Amino acid sequence: MPLSRRVGLAVAIAGSAVATTVLPFTAQAESTVLYVDQRATTCSDKGPGTQAQPFCTIQGAADAVEPGQTVRLPANRRFTGQVTVKRSGQPGKPIVFQGDTTYGAPNTTVNASGDGSTGVHAFVLDGVHDVTVSGLSLGAPQEAVLVKDSARITLDRAYVAGGGAVADPGATANVRVTGSSSDVTVSRIRVFSPPVAGVAIDAGVTGAVVTTSMVTDAPGRGVLVTDAPGTVVVGNTIAGNCGNDLELAGNSSGAVVENNILTKRPAPRCGSTAPAAVPLVVSAGSVQGTKADYNTVVSPGPASASYSWGGTAYATPEAFRTTGQGAHDNAVDPGFGDDYAYAPAAAEGLTDAADPTAPGVPPTDLFGKEPADHPGIANTAPSGYRDRGALELQDSLSVSLSGLPYSQENHPLNARFTVGYSASWVPGSAKLDFGDGSTPLTIEPGQRFVDHDYPAAGSYTATLTGTGQAGGVRKATATVLLNPVGQPWTQLWWSAGDRSRAQITLNAQSFSPWPIARHTVDFGDGTAPTVSEGPNANPSIVHEYGVGGSYTVTATVTDDHGRSASSTRTVGVAGPQAGIPFTGYFGGPTSHNGLFDNGTWALSYDKSDSRLNSSWGFGNPGDIPVVGNWDYTCQCQHAIYRPSTAAFDLSRRDGSISHVPFGNPGDLPAVGSWDRNGHDQVAVYRPSTATLWIRHDDGGYTPLHFGNPGDVPIVGDWDGVHHSQFGVFRPATNPWEPNLFIFRHDDGSYSTVTYGNYGDLPVVGDWSGAGRTSYGIFRPGNHQFTLNNSYAGRPDNVYTIYNNYN
């Protein structure tokens with residue numbers, strides 16, 4: 001978030017004390033964290049406040065939080081309306097409202113004016129104790145944070161801007177601590193354009209701490225302490241305000257004012273009638289027991305006072321030392337300029353010139369950066385080093401770190417870190433600790449992105465540590481939350497392939513977020529499982545069974561993290577067969593049946609128990625028999641389709657062979673009278689997609705989607721209209737299931753019939769000479785044909801063919 005005067009937020013705190021510790025996002029037990037996310041579809045203010053069911057509003061969480069719990073507010077979210085804290089923590093177990101500071105500044109917003117209401121605050125803490133509010137951008141029509149009659153309250157790492165009027169405009173403040181509050185800490189906050197005072201500590205408050213904060217560009221005062229003894233104001237940058245930068249009014253004795261940069265810049269916007277402003281004002285009632293030292297105090301000009309101590313003005317730090325105070329004060333120009341960044345330049349008297357032992361000093365500066373020891377500037381504090389003001393000069397060494405989950409294929413628990421590392425004063429080194437126990441990674445200057453695989457889901461805080469050769473150390477942290485990894489899974493498909501053999505082709509589709517290491521397939525027939533190593537996620541395996549039957553196939557996928565998933569399918573194979581049946585008109589009014597066995601054709605003219613009447617050779621083992629009318633004859637010619645090469649070989653009447661490539665390997669032939677021109681055309685059926693592809697005489701082709709993957713094509717004249725219609729045969733997949741014939745008619749409708757048993761093969765033909773096609777089956781186990789004659793009103797033909805081949 002840029003430090004711009006255009007930001008419109010405001011904060012008001014009323015009476016409580018808070019520790020000055022850094023509050024990054026860290027891994028916490030689920031029971032100690034309540035989550036708020038108004039964008040979650042499962043959110044409910046009546047729910048448990050888990051990540052799965054967070055609260056919808058901060059107020060809902062505030063009404064349920066217990067001592068020791070943290071209310072976690074998401075990054076890049078804007079909440080509207082006032083939050084009133086009514087519940088208290090315990091000493092050592094505070095209630096914490098934690099926004100996100102992943103990028104060094106708050107990026108979770110609470111703005112009470114966002115709902116159109118007036119006269120409200122962003123946070124109100126009234127009569128509570130042991131509460132911390134951290135990591136938020138805050139705004140409201142009145143004080144954004146109001147702390148009243150409360151103890152041990154902390155406001156930390158907040159952005160505050162804007163603000164409106166209250167009943168007493170002179171008392172307007174962005175952050176207000178009031179009533180009988182005690183031990184309230186305001187640390188590392190950035191206050192923009194406060195209306196009358198950026199931070200107000202009111203009468204009756206004791207033990208308040210304002211530290212390492214930046215209050216700038218106020219029409220009125222920067223920090224106003226009134227009748228609040230024991231207040232500590234340490235390490236702040238209070239600059240560019242129209243009124244007094246820091247004022248201890250009334251009886252605010254026993255205060256500590258150290259390590260601050262207080263500077264008045266001539267500000268034309270204050271107007272010529274604005275009262276004369278003094279950087280540091282301590283009233284006569286506040287002098288007793290108050291210590292002021294290690295401050296840089298710069299007046300607007302040589303004629304202006306830099307101090308007002310007990311009612312007496314002092315123009316310079318040298319003159320102020322006559323009071324016994326300010327032994328280490330100076331008037332070194334911090335060089336703020338007009339960019340509103342208020343980052344001082346490296347200079348003696350500013351850099352490494354603060355007292356690190358002063359009370360209320362947090363471990364890091366306004367933006368969470370640790371102190372750096374400038375190698376070219378001598379340290380002037382009694383021990384250690386710390387810069388004056390709210391910012392630590394980081395030129396010697398700077399690091400920045402942000403991280404987000406960055407899941408990629410085979411890397412589901414990957415996080416991507418954006419690293420920033422520079423060492424301008426002297427060369428240094430940087431290491432990135434990923435927070436999971438792995439070896440830290442050395443980061444080179446100019447390196448931008450780092451990807452890291454975490455071992456398990458969870459919240460991890462990575463730390464980038466930069467070390468300069470002069471001994472300076474800088475750290476930046478980033479927390480990533482990695483969700484649990486999904487489980488592996490596998491699915492099976494199978495097809496019978498060549499039904500003349502007890503063979504199946506198994507396909508498995510598998511997935512795991514982690515890389516797949518191994519596939520194991522047990523075909524359920526007592527043979528050794530097939531094991532394949534490596535990341536192939538979709539294995540295809542052909543398996544030959546010894547005998548036909550029903551088998552349970554189990555596929556197991558295992559990823560490289562040892563996680564497994566299994567899937568089972570019951571498959572049916574018909575067993576070794578007596579050849580492939582074929583049907584055609586080879587003379588006479590009815591269809592004849594025969595068997596094709598490894599290139600040998602055998603034909604039976606009778607539909608009764610008999611031996612085969614004739615045989616001839618054509619084709620090779622693995623071919624599929626095809627019968628059709630290629631030459632406009634009244635009788636069929638034989639042909640074969642070779643699935644391995646996706647080509648037809650057609651036997652012509654003149655003894656020649658026509659070679660017709662068509663289809664893809666694995667297709668099945670489906671010859672028929674598709675062009676209705678007196679002879680047949682070739683076609684193929686693709687079982688994997690259940691699509692018929694017809695090749696026309698003109699070389700064009702037509703697709704037809706019909707059936708399901710794994711169906712077997714059948715072609716016949718179901719309607720008796722002297723041309724072909726298409727259909728499919730769906731074989732039973734187990735002995736308890738019938739076969740299904742599905743016939744598609746010319747009008748697009750279809751009809752079905754169940755016929756035959758598990759393991760049967762389909763045949764279609766006109767068995768009775770009725771002028772239309774019927775259906776039947778061939779049973780390989782006993783060489784038996786069963787031909788349905790219901791279409792002709794006659795009994796079925798049931799007969800067995802005996803041959804010399806099976």
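The legends below describe an overview and several close-up views of a predicted protein model.

Residues are numbered from 1 along each chain as its sequence is written, and side-chain values use heavy atoms, with hydrogens and water left out. Because the model is predicted, local features need pLDDT of at least 70 and side-chain atom pairs count only at pLDDT 80 or more, whereas totals for chains, interfaces and linings use all residues.

**Figure 1. Overview of the protein.** The secondary structure comprises two helices and 61 strands; helices (H or I, at least four residues) and strands (E, at least two) are DSSP runs, numbered from the N terminus. Of the 806 residues, 54% count as buried, where buried means under 20% relative accessible area, exposed over 50%, and partly exposed in between (1.4 Å probe, protein chains only). Contacts are defined by heavy atoms within 4.5 Å. Among contacts between residues at least 6 apart in sequence, 57% join residues at least 24 apart. The protein exposes about 32000 Å², of which carbon and sulfur atoms supply 51%; these areas come from the Shrake-Rupley method with a 1.4 Å probe, and for residues only the protein chains shown count as cover.

**Figure 2. Two nonpolar cores.** A nonpolar core is a set of buried Ala, Val, Leu, Ile, Met, Phe, Trp, Tyr and Cys residues joined through side-chain atoms within 4.5 Å. The largest core holds 63 residues, of which Phe97, Phe123 and Leu138 touch the most other members. A second, separate core of 22 residues includes Val399, Leu413, Tyr421 and Tyr460.

**Figure 3. The disulfide between Cys43 and Cys56.** A search of the whole structure finds one disulfide, defined as a pair of cysteine sulfur atoms within 2.5 Å. The sulfur atoms of Cys43 and Cys56 are 2.1 Å apart. The torsion about their S-S bond is about 95 degrees, so the disulfide is right-handed. Both cysteines lie in the loop between strand S1 (33-35) and helix H1 (58-62), so the pair ties together parts that are 13 residues apart in sequence. Cys43 is buried, with a relative accessible area of 18%.

Figure 4. Two strands pair if DSSP finds at least two bridges between them. Strand S13 (residues 197-201) runs parallel to strand S16 (residues 221-226), and four bridges join the two; Ala197 has Arg221 of S16 as its bridge partner. Four bridges also join S16 to S19 in the parallel sense, with Thr226 standing opposite Ala249 in S19. Asp245 is found in the loop between strand S18 (237-239) and strand S19 (246-249). The relative accessible area of Asp245 is 0%, and the residue is therefore buried. Leaving aside residues up to four places away in sequence, Asp245 touches Gly222, Val223, Ile238, Ala239, Gly240, Leu262, Thr263, Lys264, Val278 and Pro279.

**Figure 5. The open sheet S46-S47-S48-S49.** Four strands form this open sheet in the order given, with antiparallel pairing. Strand S46 (624-628) and strand S49 (657-661) stand at the edges, each with a single partner strand, so one side of each is left without a neighbour in the sheet. The twist averages 25 degrees from one strand to the next; axes are lines fitted to C-alpha atoms, for helices over the stretch in contact, and angles run from 0 to 180 degrees between N-to-C directions. Strand S47 (residues 637-642) and strand S48 (residues 647-651) run antiparallel and are joined by four bridges. The bridge partner of Tyr641 in S48 is Phe648.

**Figure 6. The open sheet S50-S51-S52-S53.** This open sheet has four strands in the order given, and its pairing is antiparallel. The edges are formed by strand S50 (668-669) and strand S53 (701-705), each with a single partner strand, so one side of each lacks a neighbour in the sheet. S50 and strand S51 (residues 683-686) pair in the antiparallel sense over two bridges, and Leu668 has Tyr685 of S51 as its bridge partner.

Figure 7. Ala284 lies in the loop between strand S22 (280-282) and strand S23 (291-293) and is exposed, with a relative accessible area of 59%. Its C-alpha atom is separated by 6.1 Å from that of Gly311, 27 residues apart along the chain. Asn782 has its place in the loop between strand S59 (774-779) and strand S60 (784-787) and is partly exposed, with a relative accessible area of 37%. Asn782 and Thr800 are 18 residues apart in sequence and 7.4 Å apart in space, C-alpha to C-alpha.
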